[in-house]
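Biologist: Could you walk me through this one while I have it open? I'd like to start with the aromatic side chains and then move on to the helices and the sheet.

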Amino acid sequence: MKHVAILIPNEAVLASIVDARTIFTGANDFLQSMGRQPVFDVHMVGLAKEVKVHGGIFSVHPDILLNELQKSDIVVIPAISGDLENAVKINQDFVPWIINQYSNGAEIASLCIGSFILASTGLLNGKECSSHWITADKFRNMFPEVTLVDGRIVTEQQGLYSSGGATSYWSLLLLLIEKYAGRDIAIMAAKIYALEIDRKSQSPFAMFTGQKKHEDDPIKQAQEYIENNVTEKISVEDLSSMYAIGRRHFERRFKKATNNTPVEYIQRVKIEAAKKQLESTPKNVNEVMYDVGYTDAKAFRTVFKKITGLSPIDYRNKYNKQAAVA
């Protein structure tokens, strides 16, 4: 059997603890119903005998304390919440234990914003990581040596797993079920819990807001100009001239400040505006395309799908109730 340690961090998101325990124990139930042996030995592991979460509204009682568990095969780090810097700080007692488990052959899986605890171990330095898109800027600022992968649901490198935002962690949990209990059990779990198996991207759910927590005022003004002139065709040359900065220097400063090139930023702002219209208006795709400053339908479709993972018409059908029933 594979020992599964579900950590109970301070400031944990309760659902991610419950869901992780449910799917591993559920897989055991499915196996036993088929006359097969269970695969997972599941324990909740904490720093204290009672861990209060959600501001003390709920409490979790671990099966075992961290200092009592010597060896695990799969370590699951649930999502955390609140002030993320503080949440990482108050969970630092987990860090040496996680590092030791990984050194002894355990696989480590972070769920959603549990990636902040995993990244704080240093194990992800020089590697890729998925997390919730809404915390991307914070993650990059706190962990510059980790490559945050935008949009991807699950990332795995050398036995270190991470997942995208919110319920995206179900995809990672299903992956672990498939790996150790078999594809048939993963499919059964997906059907029983009404989950979409093999989902690859969280891009359709991401909302682009732009990174403005920096001190480069001309770049911040350029961002605001782009956002306030979404219908216009804006070039990098126009922007660099507007703020009297050489093009190459402007591009370097823009990328450093926003984590996007100027062209990427312009595209993301325009596509975000297009998404909002496709979600809430009766306009067709061509009308929306013109409204956000595109005249080339092929180029618009290509950029839209690159950013969202869906074609404009598929996005409209998915999120616009009126369009779906039309």
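Biologist: How far apart are F250 and F254 in helix α10?

Modeller: This is a predicted model, and in it F250 and F254 are 4 residues apart in helix α10, which covers residues 247–258, so about one helical turn separates them.

Biologist: And are they buried or exposed?

Modeller: F250 is buried, with a relative accessible area of 0%, and F254 is buried as well, its relative accessible area also being 0%.

Biologist: How many aromatic pairs turn up in the whole structure?

Modeller: Searching the whole structure gives 12 aromatic pairs. In one of them, F24 and F40, the ring centres are 5.0 Å apart and the planes stand at 70°, which is over 60 degrees, so this pair is edge-to-face.

Biologist: Where do F24 and F40 lie?

Modeller: F24 belongs to helix α1 (residues 14–33) and F40 to strand β2 (residues 40–46), so their pairing ties together parts that are 16 residues apart in sequence. Both F24 and F40 are buried.

Biologist: Back to F250 and F254, then: what is the geometry of that pair?

Modeller: The ring centres of F250 and F254 lie 5.7 Å apart with the planes at 45°, so that pair counts as tilted.

Biologist: Which residues form an aromatic cluster?

Modeller: One aromatic cluster is formed by F30, Y169, W170 and Y193. F30 is placed in helix α1, and at 11% relative accessibility, which is under 20%, F30 counts as buried.

Biologist: What does F30 touch, leaving out residues up to four places away in sequence?

Modeller: With those left out, F30 touches I185, M188, A189, I192 and Y193.

Biologist: Changing topic, at what angle do α8 and α10 pack?

Modeller: Helix α8 (residues 217–228) packs with α10 at an angle of about 85°, and their axes are 10 Å apart. That angle falls in the range of 65 to 115 degrees, so α8 is roughly perpendicular to α10.

Biologist: Which residues make the contact?

Modeller: On the α8 side they are P218, I219, A222, Q223 and I226, and on the α10 side F250, R253, F254, A257 and T258. Sorted by type, the residues of this contact of α8 with α10 divide into 7 nonpolar, 2 polar and 1 charged.

Biologist: Now the sheet: what is the order of the strands?

Modeller: It is an open sheet of 7 strands with mixed pairing, and the order is β5-β2-β1-β6-β7-β11-β10. At the edges stand β5 (64–65) and β10 (154–157), each of which has a single partner strand, so one side of each is left without a neighbour in the sheet.

Biologist: In which sense do β6 and β7 pair?

Modeller: Strand β6 (residues 74–77) pairs with strand β7 (residues 107–110) in the parallel sense, over 4 bridges. For V75, the bridge partner in β7 is I108.

Biologist: Which strands does helix α3 lie across?

Modeller: Helix α3 (residues 94–103) lies across β1 (2–7), β2, β6, β7 and β11 (160–163), and runs at about 160° to β1. Helix α6 (residues 169–181), for its part, lies across β1, β2, β6, β7, β10 and β11, running at about 145° to β11.

Biologist: Last one, where is A186?

Modeller: A186 is in helix α7 (residues 183–192), where A186 is buried, with a relative accessible area of 0%.

Conventions
Residues are numbered from 1 along each chain as its sequence is written. This is a predicted model: local features need pLDDT of at least 70, side-chain atom pairs count only at pLDDT 80 or more; totals for chains, interfaces and linings use all residues. Side-chain values use heavy atoms; hydrogens and water are left out. Rings of Phe, Tyr and Trp (its six-membered ring) pair if their centres lie within 6.5 Å; planes under 30 degrees apart count as stacked, over 60 as edge-to-face and the rest as tilted. Helices (H or I, at least four residues) and strands (E, at least two) are DSSP runs, numbered from the N terminus. Buried means under 20% relative accessible area, exposed over 50%, partly exposed in between (1.4 Å probe, protein chains only). Axes are lines fitted to C-alpha atoms, for helices over the stretch in contact, and angles run from 0 to 180 degrees between N-to-C directions. Angles under 35 degrees count as roughly parallel, over 145 as roughly antiparallel, 65 to 115 as roughly perpendicular and the rest as oblique. Contact means heavy atoms within 4.5 Å. Ala, Val, Leu, Ile, Met, Phe, Trp, Tyr, Cys and Pro count as nonpolar, Asp, Glu, Lys and Arg as charged, and the others, Gly among them, as polar. Two strands pair if DSSP finds at least two bridges between them.
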